[in-house]
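Subject: Structure for your review

Dear colleague,

Please find below the structure that I am handing over to you. The notes after it set out what was found.

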Amino acid sequence: MASKRHQTESSKSDKKKKKTTREEVAGLCSCVEDERVTAAVKEAWSRRSHYSHGDLELACHPFTHCIIKNFVSSDTFVENLQRELLDLNFREKSNDLYKFKQSDDLKKRTEPHIAGLRAALFGRFRSWLSDVLGVELEPTVDISCARYEYTDVLLCHDDELEGRRVAFILYLVPPWQSSDGGTLDLYTTDSNFQPQSIVKSLVPSWNTLVLFEVSPVSFHQVSEVLSQDKCRLSLSGWFHGPSLQRPPRYIEPPIPRTPHLPRDEEKFKEVNEALQVAQIQWTRRGPHNKRCYEVASLETLPPCVSACWELLSSEAFFLLLSNFTGLRLHYLCPADDDDDDEDDEEKDKDKNKREHEGGEEATGSSAESAKAGREKELSTPVCCGELRRWSHGDYTLLHDGEAVRAEFALDLVLPFGCTGWKSEFGGYTCYVANEEDEELLTVYPEDNSLALVYRDKETLKFVKHVNHKSSSDFADSSTSRIVHDFSFVYYE
C-alpha cells in the first residue's frame, strides 16, 4: 500500500510539473547588443539625424522614429509567440477613434513566449532605450495585443497620456502589402502643432519593431485594413518616463454664427441631383485628429442648393423649429407656462414696489427692467451650418476643445444620396455622454430624412469612420460612394 501511495504521489507530482510553464528567453537583434551601434543611435537621436546600421534604421521625418527588423533573433520563438497570442481572448473595441479587437493586459500572462518577450522588452531593451534617450525609463509594464481585420482602423492621434514616453509596436503579420491597408501612417504638423498630412506610411512586416517618442507632434494612425483574409496581429504598448514638454493647447476658432435670413420656405426637389453633378468647390476639413471630411464653398453652390441652405437658416425655419421643439429659437414663439408664471410674479413684485415706494427711482427701475426684458425677448438666435460631403475614409472624433465649448444646442442633419446605405458602412452620428463610451443615441443616414437632436452641455457627438465596405458595395470597388448632408446647429 505504501508503495502504491508513493507511486500515486509521484504521478501527481509529475503532472504538476508538466502543467508548470517555464519562461522562454527571447534573444534580441544583435544591433541592440552592439555598444558602438548604441552610441551611434544615441548621437543620431539627440541630433535628430538619420542613422542606419544592418536591421536598424533611425528616421527623423516627420518625427523621430526607429525601425528594427528581425527584432527577436529566433524565428521559432516568434512563431510560438504568435500561436500563444492567437489563443488569447480578444474583445471587440469600437468608438469614434478606432475599431479593432484587443486582448487583456499582458503584464501578468504566464505563457512562456509571451512572458519571455515581456521580460526582454521591459528588461534588457528598456535599459538600451534609456541609454539611447538619456532618460530613466520606469519599470512600468504596459503591453497588449491587437488584431486588426477587414475594415478595422485606428484614426489620427498622438498617444499622449500622462507618463507615456515611448510607444512601440511589434508586428506579427503574414506577408503584407501596402494595398492590404493597415499601414502605420505618420503625419506632419502645422505651426499650431495640429496634424496636417500623411507623409510616410510604414507597411507592417514580420518580427519588425517600430518605436517613437510620444510628443506634441507624434500624430499617427493605423489605416483601414482592406484585406479580407489577412490578420494584422501586433504587440504594442508604452515605456513610461518623464513626459516631454507640451505647448499650450491649441483652441480652434469656432464656426461663425449667423442670424436667420428673411426668406420664405420653398421646395427643393432638384437638390439631390445638383449635389451629384454640379461643379461645387469642396475643401478638405481637418485637422485629422479631430475630423476628416469635405465642406462646400457656399459661393459655388447651384441655385437650388443655395435655396435649400437659405431655407435652413431662414427666419421661417427658426420659427418652425421653435414650434416643433418648444425651444426659444424665435422671439415670436410662445413662452411655456413656467415662463408665464415667472413673468406674472415679476409684474406683481414691480407693482407692489411702485405702490409702496413710489417716486421717480422706482419708476426708473421698472422702466429699465422692462427695457431689459424686451431686449432679451427680441434677441436673435443664431445658427452655424455646413454642407458636407462624405466618402470612404471620412470621420469626426471627440476632442477636448469640443467638450470645453459644449453648449445647449439643437442639431439638424439632412442627408442626400444615401439610399441603400448600411450601418456597417459607418458614417452614422453617435451621441455620447462626456468622458463615457456608452452611446446615448445613434442617428443613421437616411435619404432626405431630417434628424433633430437636442443636446445638453454634457453630450458630445461624432461621425463614425466611413469604411471600405461603403465602396466595395459597388460592382467596381474602386468607386467611392459619396453622401451629402446639410449639418446645422441652432442656439437659443
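Lys461 and Asp411 are joined through their side chains in a salt bridge, with an N to O distance of 3.3 Å. Please keep in mind throughout that this is a predicted model.

Salt bridges elsewhere

Over the whole structure, the search finds 23 salt bridges. One of them connects Asp104 with Arg91, whose closest N and O atoms are 3.2 Å apart. This pair, too, links distant parts of the chain: Asp104 is in the loop between β5 (98-103) and α5 (112-133), while Arg91 is in strand β4 (residues 90-94), 13 residues apart. Asp104 is partly exposed, at a relative accessible area of 42%, and Arg91 is also partly exposed, at 42% relative accessibility.

Surface patches

Which residues gather in a patch of negative charge on the surface? They are Glu435, Glu436, Asp437, Glu438, Glu439, Asp456 and Glu458. Asp456 is placed in the loop between β22 (451-455) and β23 (459-463). With a relative accessibility of 33%, Asp456 counts as partly exposed.

Strands β20 (residues 429-433) and β21 (residues 439-443) pair in the antiparallel sense, over four bridges, and Cys430 stands opposite Thr442 in β21. Five residues lie between the strands of this hairpin, and Glu435 has a positive phi near 65° there.

A nonpolar patch is found on the surface as well, formed by Phe324, Leu450 and Leu452, which together have about 280 Å² of accessible area. Leu452 belongs to strand β22 and counts as partly exposed, with 33% relative accessibility.

Backbone features

Most residues other than glycine have a negative phi, and most peptide bonds are trans.

- His61 and Pro62 are joined by a cis peptide bond, with omega at about 5°; Pro62 lies in the loop between β2 (56-59) and β3 (65-68).
- Gly286 and Pro287 are also joined by a cis peptide bond, with omega near 0°; Pro287 is in the loop between β15 (282-285) and β16 (291-296).
- Asn70, a residue other than glycine, has a positive phi near 50°. Asn70 is in the loop between β3 and α4 (75-86) and is partly exposed at 40% relative accessibility.
- Thr151, again a residue other than glycine, has a positive phi near 75°. Thr151 is in the loop between β6 (143-148) and β7 (153-157) and is buried, with a relative accessible area of 2%.

A contact across the sequence

Finally, how far apart are the C-alpha atoms of Ser471 and Ser391? They are separated by 8.5 Å, although the two residues are 80 residues apart along the chain. Ser471 lies in helix α12 (residues 469-472) and counts as buried at 3% relative accessibility.

Yours sincerely

Note on methods:
Residues numbered from 1 in each chain as written. Predicted model: local features only at pLDDT ≥ 70, side-chain atom pairs only at ≥ 80, totals over all residues. Heavy atoms only, no water. Patch = residues over 30% accessible without salt bridge, like charges linked within 9 Å, V, L, I, M, F, W, Y side chains within 5 Å. Areas by Shrake-Rupley, 256 points an atom, 1.4 Å probe, with all protein chains shown as cover. Salt bridge = Lys/Arg side-chain N within 4 Å of Asp/Glu carboxyl O. Lys, Arg positive; Asp, Glu negative; His and termini not counted. Charge placed at Lys NZ, Arg CZ, Asp CG, Glu CD. Helix = DSSP H or I, 4+ residues; strand = E, 2+ residues; numbered from the N terminus. Buried < 20%, exposed > 50% of the residue type's maximum accessible area, 1.4 Å probe, protein only. Pairing = 2+ DSSP bridges.
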